[in-house]
Each structure stands twice: as structure tokens, then as C-alpha cells.
Amino acid sequence: MGRYRPNRHLAAMLAESGWSAGELARAVNALGTKHGMRLRYDRTAVAHWLDGSRPRPPVPGLVAQVFGKRLGRAVHIGETGLGTTAAAAAPGTALQADDPVERLTALCEADADPARRLTLNRELFTAADVRLPAWPPPPSDTRTGPPAAPDRAPRPDARLADLVAVFTELTEKYGGAHARSALGAYIAKEVAPRLVTTPGGGAAAPAVLTGSACLMHLLGTMAADAGLPNLGHHCYLAALDLAHRAGDRNGYAITLRTMAVLALRLDDMAHAHQWSRIALEVASFAATPHVRTYLYAGRAVVRAAHGEREEALADLQAAERSYAAEPGGDDAPGPWTRYAPEAFHYQRGEVLLSLGDRAAAVRAFEESLAARPPDHHIAHVLTQAQLAETLLPLGELERALDRCRELFAHYPYTSSRRTTASLTSLHRTLAPYRRHPRVREVRDRLARLTRPAAESTG
């Protein structure tokens, strides 16, 4: 024990935050849950850290992040005194390779191995800055006249576009834990070889790059929905690289905006702000109406969550204007073709709820449900649960319980960490009403539905 020195940095951070050791431990455990990890720290563990012991990664990154949220500024691991000079074991050196195709293949192979998958998910993307490649500035045109039409990126290769449509539909129906391994295997075996056209690694066709970017974006979304957000982040980085190589500003911006909302869900406000802003800057002149709607709506969600009321409302209004101008699109719904109205209404509801306008949020969530296909079980569960929690503070207990009954019809079809978390949250929110006979029945059913999922994950 004599080799440890008291961690004065951590003590100073606790003093600045006003937290006790137990409060810090609870905050770290809660954030770990959002990252798909089961942590059981208590004040005794924090006392050991203060005495000089250091937890294994990714805990130092979690500690820095919870302090950052508490203090409203970026906190680096070094400020906590929990950093270590020993390099963490990498899940595979190929993930650090210069060749993007080699990295993509290694990533899909790591996802197929349960042990390597969990190791990779413990590498917090929130613990370090992400270097994003530069895009050339928008073309300047001093001539008068109507603005040029948005750039059209190359359409995805037809075969890859079909795969995107199939797996997007499966994800929207059943969730990210369903069929993700099949998509990863297809990318590794069938897509990666098409990204290299010469023995020396020549450039692939833009249509193949664009389609591959869509598939990697989708794989990232499936991983995040399955409770593996850091693994999903690695997939998103691969999608960014492919979209950049294809010259697809719209696809790049879509992925960056999706990363921003994921960072928000993980309490990483700094990256959420940065990426939602850069996404709009990258798309700029190239953004189609549906992309512009998607980007503004995403930034509105981030700004509203941070309490930036005026800025969030301005972004929401900009999204609504773009939405009204959107021609509709002749392809299947999806972030690469058009912004589905049910998705837009849901995000409107999220913004309004964060800004405290519950009644308007209820209307937006109900509009979203009215437009949802009946077999999109994931969205039905998430929206019904959110609607129920929004109705309770408005004194609408019976309507909230009706929403619970509706989500029970969809939940058995889902394979998603997010839906399980939404039911767990709803169970807690209903606790003050537990003396009500119908509430007691609903809470018992919520507990039964989520218990098997909780026991099988981690």
C-alpha cells in the first residue's frame, strides 16, 4: 500500500463539484449503464481512488465525463488523477491500421466475437477528441440568380442499396440486437473486398463507397441500439471515412449528426454540440431539404437538452421550414432518401419536452404515432413510453396507463437495449402512483418484461 500516493486531483474535483464519494460512485454507475456496462461502485471504492489506487479503463473516462457534466465544462482524465501510463489492451492491432478497408474488416470481425466486442465497447469514444477530416469550402459564386441545386452524391450501388433497405426495415421493426451479426458478416465478407479494386488498394467506385458508408452507419446504429454505443461509434467513424472518400457531404453530415445525438444520450454534451454544428457546416450548400431538416432537428434536440431555449426553437423552426419544402422522395424512407414524418414529429416532441412544453410535446408524439407503420415495434415502444411519462405530470394518469397497454403489444417483438431501458424508466416514473390498482398491475408487468433482458445483458 505504501506505493500509493493520495490523489489530490480527484479530491479537488470532488470539492469543486460539491459531490460526496457516494454521489460520484452513483453517477459513474449510472453512466456505465448507458454505455452497456454493469458497475457496482460505492463510496468505499471512491475512497480507495482518493488513497491513490486507480480503476481499470474505461472507468477513468467515465469519471472525467460525469465531472464534465456536473461542472458544465470538458474534463480530461488527467484532471482526475486517474490516468495511467500503461496502455490499455487493444482489441486488435488491425483497428489501428492505416488502411481503412483493413480497419473496417477488423471492426466487423471484432463485432462477431462476443469477447472482443465487449472489449471494444469499453473503449470510450467520449474520452478523447475525434479528428475529423477537412472538407473543401463551398464553391463561391458572385453571380446573381437563383442558388444552384444541392449536390447529388452518387447513389449507392444497387445491390448495397437493397441491403440497406432490408436491414433498415429489420432494425425499425425489431431493433439493433436482431440480425446485426448477419450484417457485420456480410460487410466483412462481401463489401470489404469491393472497396479494393487493385492489388495496391486503388479507389473503389463512388457508388460502392456510398453504399458501404450507409451499411456501416446502419451497423453503428444497430450496435448502439443493442447497448454497445462505443462499438457503434467505431462503425460511425468508418462510415464517415467512406462518405468522405466518396465525396458525399450529405451522407457524412447525416452520420455526424447521428453521432451527436448518441453523444447526447451518453451525457457527452461537448461532442454533441460540436458534431451537430459541424454536420450543418459540412452539408452547407449540398444539403437537400430532407437532410437539412434532419440536421436542424438534431441540433435542436442537443440545444434543448442543454437549456438553450432560443437557439433550440430557432433550429426547430428552420427544420420545420425545410420539412415543408421537402418534395417527399421516390425511394424507401430512411435517412439517406427522405426524413420520415413520424421521425420528425418524434424529435419535435423531444425538443418541446426538453423545453418544458409538455402539452405540445404530447401532441407531437401523438402525431408521430399516427404516422408510424404498425410493425415498427421499436418506435412504438419508445414513443408510447415517452408519451406515458409526459402525460403523468399533466395529471393524465389514465391516458398514460392506456399508453402502457399499447406498448405491451409491441415490446415482445423488440430486441433492443433502448426499449428495455425505456420500460425500466417508466417503471420508476410510475412508482409514486403504485397504490393505484391499475398502476400496480402495469408496474408488475413492466418488471416481468424487463427482468429477463436485464439478466441476459451486461
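Is Gln65 buried or exposed, and what is its relative accessible area? Gln65 is buried, with a relative accessible area of 9%. Here buried means under 20% relative accessible area, exposed means over 50%, and partly exposed lies in between, with a 1.4 Å probe and protein chains only. The views below come from a predicted model, in which local features need pLDDT of at least 70, side-chain atom pairs count only at pLDDT 80 or more, and totals for chains, interfaces and linings use all residues. Residues are numbered from 1 along each chain as its sequence is written, and side-chain values use heavy atoms, with hydrogens and water left out.

**View 1. The protein chain as a whole.** Welcome to a chain with 21 helices and zero strands. Both kinds of element are DSSP runs numbered from the N terminus: helices are H or I with at least four residues, strands are E with at least two. Of its 458 residues, 49% count as buried. Among contacts with a separation of 6 or more, 70% join residues 24 or more positions apart; contact means heavy atoms within 4.5 Å. The chain exposes about 21,600 Å², of which carbon and sulfur atoms supply 53%. These areas come from the Shrake-Rupley method with a 1.4 Å probe, and for residues only the protein chains shown count as cover.

**View 2. Gln65 and Leu31.** Look for Gln65 in helix H4, residues 59–71. Its C-alpha atom is separated by 8.6 Å from that of Leu31, 34 residues apart along the chain.

**View 3. The buried face of helix H7.** Helix H7 spans residues 114–121, and its buried residues are Arg117, Leu120 and Asn121. Seen down the axis of H7, these residues fall within an arc of 100°, so they line one face of the helix. The arc is taken from the directions from the helix axis to the C-beta atoms. Their cover includes helix H6 (100–112), helix H9 (180–191) and helix H11 (229–246).

**View 4. Leu215 in the largest nonpolar core.** A nonpolar core is a set of buried Ala, Val, Leu, Ile, Met, Phe, Trp, Tyr and Cys residues joined through side-chain atoms within 4.5 Å. The largest one has 102 residues, and Ile187, Leu215, Met216 and Leu430 touch the most other members. Helix H10 (residues 206–225) gives the largest share of this core, 11 residues. Leaving aside neighbours within four places in sequence, Leu215 is in contact with Leu160, Leu163, Val164, Leu183, Tyr186, Ile187 and Val191. Apart from this core lies another, of 22 residues, including Leu10, Ala27, Val66 and Val75.

View 5. Counting a disulfide as a pair of cysteine sulfur atoms within 2.5 Å, the total comes to zero. Cys235 is in no disulfide, and the nearest cysteine sulfur, that of Cys108, is 6.5 Å away. Cys235 is buried, with a relative accessible area of 1%. Cys214 is buried too, at 3%.

View 6. The peptide bond from Pro57 to Pro58 is cis, with omega near 10°, and Pro58 is found in the loop between helix H3 (43–51) and H4. Asp267, in the loop between helix H12 (249–265) and helix H13 (269–283), has a positive phi near 65° although Asp267 is a residue other than glycine. Ser284 is not a glycine either, and has a positive phi of about 35°. You will find Ser284 in the loop between H13 and helix H14 (289–305), where Ser284 counts as partly exposed at 25% relative accessibility.
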